[in-house]
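Please walk through the following protein model with me, from its confidence values to its helices, ring contacts and charged pairs.

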Amino acid sequence: MPVAVDMLSVYVALGVAAALSVSAVILGALTAPAAVTAGVMLTAAAVFWSFTGLTIYVSLFAISVIVGAIGRKKRKERTERLHKRAGARTVVQVLANGLPALLMMAVWFFTGYGAFKVAAAAALAEGFSDSAAGDVGVLSNGKTVSVLNFKPLKRGLSGGISVAGCVAMTIASAVAAAVPAIFGEYAAAGFGIAAGAGILGCMADSVMGATLQALYRCSECGAETERRECCGKKTELIRGFSRLDNDAVNGIAGCIAALAGLAAAFIIKY
Ligand SMILES: [Zn+2]
């Protein structure tokens, strides 16, 4: 049985989506097409999950815009040679972070099966905690180590973890999982599962980032990078699969979080 659409939440979502999308472009957090995509997703979240869907996206989106705006210049300097894209997030990045959760919300909407609400929160917890961890971690002056062997790693490269990044990840996951709980969508167990699955997905993201994700080396300056070109030349693939970039890994990690949340919610017969 599909859940009824709360039209008021959809109208509010349209207004909020317009305001947020414009601010995100002005603040340089999103490119214009990415802002439109995020606005459409926000409205769809309200269709599927009423004010809960709207609030969970808005609060996480607001946090990521604020975190992204803090220290933007320093972050840009530190990541521009490492990543394909530094600065404003693109359509693919918005979809990778938000689509797995939206799919879970859609299944909840069409089936009314509560475990999918936990899965949606888990997927969002993963997407936003991963960006928060990266955004905060790259600014911190603490040590960055590999998630695989804890050996020092260049700050900003995928697969690296830092204390500041882990704190940001945990807070972001807890916020994402808390919103539906505040709206009475699930109880303490649902909150625990969603936050835990979000963190698990985030760790999976780091492990994939350190193993399967494409890493290149520049033959001119010798730098390890996630970019396909450096110093005006093509870089060489030294690890992982060329098709598996950071966005793909993010999308897969969101699905892992959703499935882990779904499985745990199902096992305890949530
Ligand atoms: Zn180079």
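Is Glu-77 buried or exposed? Glu-77 has a relative accessible area of 53% and is therefore exposed, where buried means under 20% relative accessible area, exposed over 50% and partly exposed in between, computed with a 1.4 Å probe on protein chains only. Its salt-bridge partner is Lys-73, with the closest N and O atoms 3.8 Å apart; a salt bridge here is a side-chain nitrogen of Lys or Arg within 4 Å of a carboxyl oxygen of Asp or Glu. Lys-73 also counts as exposed, at 65% relative accessibility. An α-helix has 3.6 residues a turn, so residues three or four places apart point the same way.

Some notes on reading the model belong here. This is a predicted model, in which local features need pLDDT of at least 70 and side-chain atom pairs count only at pLDDT 80 or more, whereas totals for chains, interfaces and linings use all residues. Residues are numbered from 1 along each chain as its sequence is written, and side-chain values use heavy atoms, with hydrogens and water left out. The pLDDT, which is the predictor's confidence in each residue from 0 to 100, averages 90 over the protein chain, and 98% of the residues score at least 70. Confidence is lowest in helix H3 (residues 72–79), at a mean of 81, and highest in helix H7 (residues 188–211), at 95. Helices (H or I, at least four residues) and strands (E, at least two) are DSSP runs, numbered from the N terminus.

Helix H2 deserves a careful look. A straight helix of 38 residues would span 56 Å at 1.5 Å a residue, yet H2 spans only 16 Å between its end C-alpha atoms; the expected span is 1.5 Å times one less than the number of residues. H2 has a kink of about 145°, centred on Trp-49, the bend at a residue being the angle between axes fitted to the seven residues ending there and the seven starting there. After H2 comes Gly-71, whose phi is positive, near 65°.

The aromatic residues come next. The whole structure holds 4 aromatic pairs, for which rings of Phe, Tyr and Trp (its six-membered ring) must have centres within 6.5 Å, with planes under 30 degrees apart counted as stacked, over 60 as edge-to-face and the rest as tilted. One of them is the tilted pair of Phe-48 and Phe-109, at 5.5 Å centre to centre and 50° between the planes. This pair links distant parts of the chain, since Phe-48 is in helix H2 (residues 32–69) and Phe-109 in helix H4 (residues 91–111), 61 residues apart. Phe-48 counts as buried at 17% relative accessibility, and Phe-109 is buried at 8%.

The charged contacts complete the tour, with 7 salt bridges in the structure. Among them, Lys-117 pairs with Glu-185, the closest N and O atoms being 2.8 Å apart. Lys-117 lies in helix H5 (residues 115–137) and Glu-185 in the loop between helix H6 (163–182) and H7, so the pair ties together parts that are 68 residues apart in sequence. Lys-117 counts as buried, at 10% relative accessibility.
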